[in-house]
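Let's look at charges and rings in turn.

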Amino acid sequence: VYAVGPARHSASASWSLPAATGRPGAARHILKSKAMLKKVEVYTTLVTTGENGNDEIRTTSQGGCLMQDGDIMLRYPEPDNHGMAHLLITTGLADLKRQGDVRSRLTFIEGQMLPCHYVTSAGALNLDIFTHSLSLVLTDAGGCFEARYTVLVGGAHATDNELKVEFTFTE
């Protein structure tokens, strides 16, 4: 059974992440009790819309999924970035950390603007992201996380983005 929130006893669940508590470390409770670890196939799609039009990036990789108490931690390689991505999804927020040629940390809390740490070989960029919506759907076969957000540079609109991370259990 893979479910979250009030539907924990269901074989399928869908929810939008409610506003976070704002507590530092609110997402760290994922390892408090017995966890379930599964291998997954991860499919990511990022659609970015800016003044020069749309750009779409798709990836597929093998990774791992740790699930506990309705929280999810996905870990998967990003070969084009020569690194790894970690996506934590918990009640109220999602946190995406990327390590490789580009290092970044995006924290998504619906309806909030938060700083985004983004470091490239050319240097660090100070960005902000405003999260419009978050959702997670889980089934017996896997799940799908989606985030719609806007990137701002120096307080000015840069791009609108739609991130989809789908995962299928392989064992």
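## Salt bridges

Arg 105 is partly exposed, at 35% relative accessibility (buried means under 20% relative accessible area, exposed over 50%, and partly exposed in between, with a 1.4 Å probe and protein chains only). This is a predicted model, where local features need pLDDT of at least 70 and side-chain atom pairs count only at pLDDT 80 or more, while totals for chains, interfaces and linings use all residues. Residues are numbered from 1 along each chain as its sequence is written, and side-chain values use heavy atoms, with hydrogens and water left out.

What does Arg 105 form a salt bridge with? The partner is Asp 95, and the closest N and O atoms are 3.0 Å apart (a salt bridge is a side-chain nitrogen of Lys or Arg within 4 Å of a carboxyl oxygen of Asp or Glu). Arg 105 lies in strand E7 and Asp 95 in strand E6, so the pair ties together parts ten residues apart in sequence (strands, E, are DSSP runs of at least two residues, numbered from the N terminus). Asp 95 is buried, with a relative accessible area of 8%.

Searching the whole structure gives three salt bridges. In another of them, Arg 98 meets Glu 78, with 2.9 Å between the closest N and O atoms. That pair links distant parts of the chain, from Arg 98 in strand E6 (residues 93-99) to Glu 78 in strand E4 (residues 71-78), 20 residues apart. Glu 78 counts as buried at 17% relative accessibility. Arg 58 and Glu 56 also form a salt bridge, their closest N and O atoms being 2.6 Å apart; here Arg 58 is exposed at 59%, and Glu 56 is partly exposed at 44%.

## Aromatic pairs

Now to the rings: the structure holds three aromatic pairs (rings of Phe, Tyr and Trp, the last by its six-membered ring, pair if their centres lie within 6.5 Å; planes under 30 degrees apart count as stacked, over 60 as edge-to-face and the rest as tilted). Phe 108 and Tyr 149 make a tilted pair, 5.0 Å centre to centre with 55° between the planes. Phe 108 lies in strand E7 (residues 103-108) and Tyr 149 in strand E10 (residues 142-153), so this pair ties together parts 41 residues apart in sequence. Phe 108 is buried at 0% relative accessible area, and Tyr 149 is buried at 6%. Together with Phe 145, Phe 108 and Tyr 149 form one aromatic cluster.

Methods:
Helices (H or I, at least four residues) and strands (E, at least two) are DSSP runs, numbered from the N terminus.
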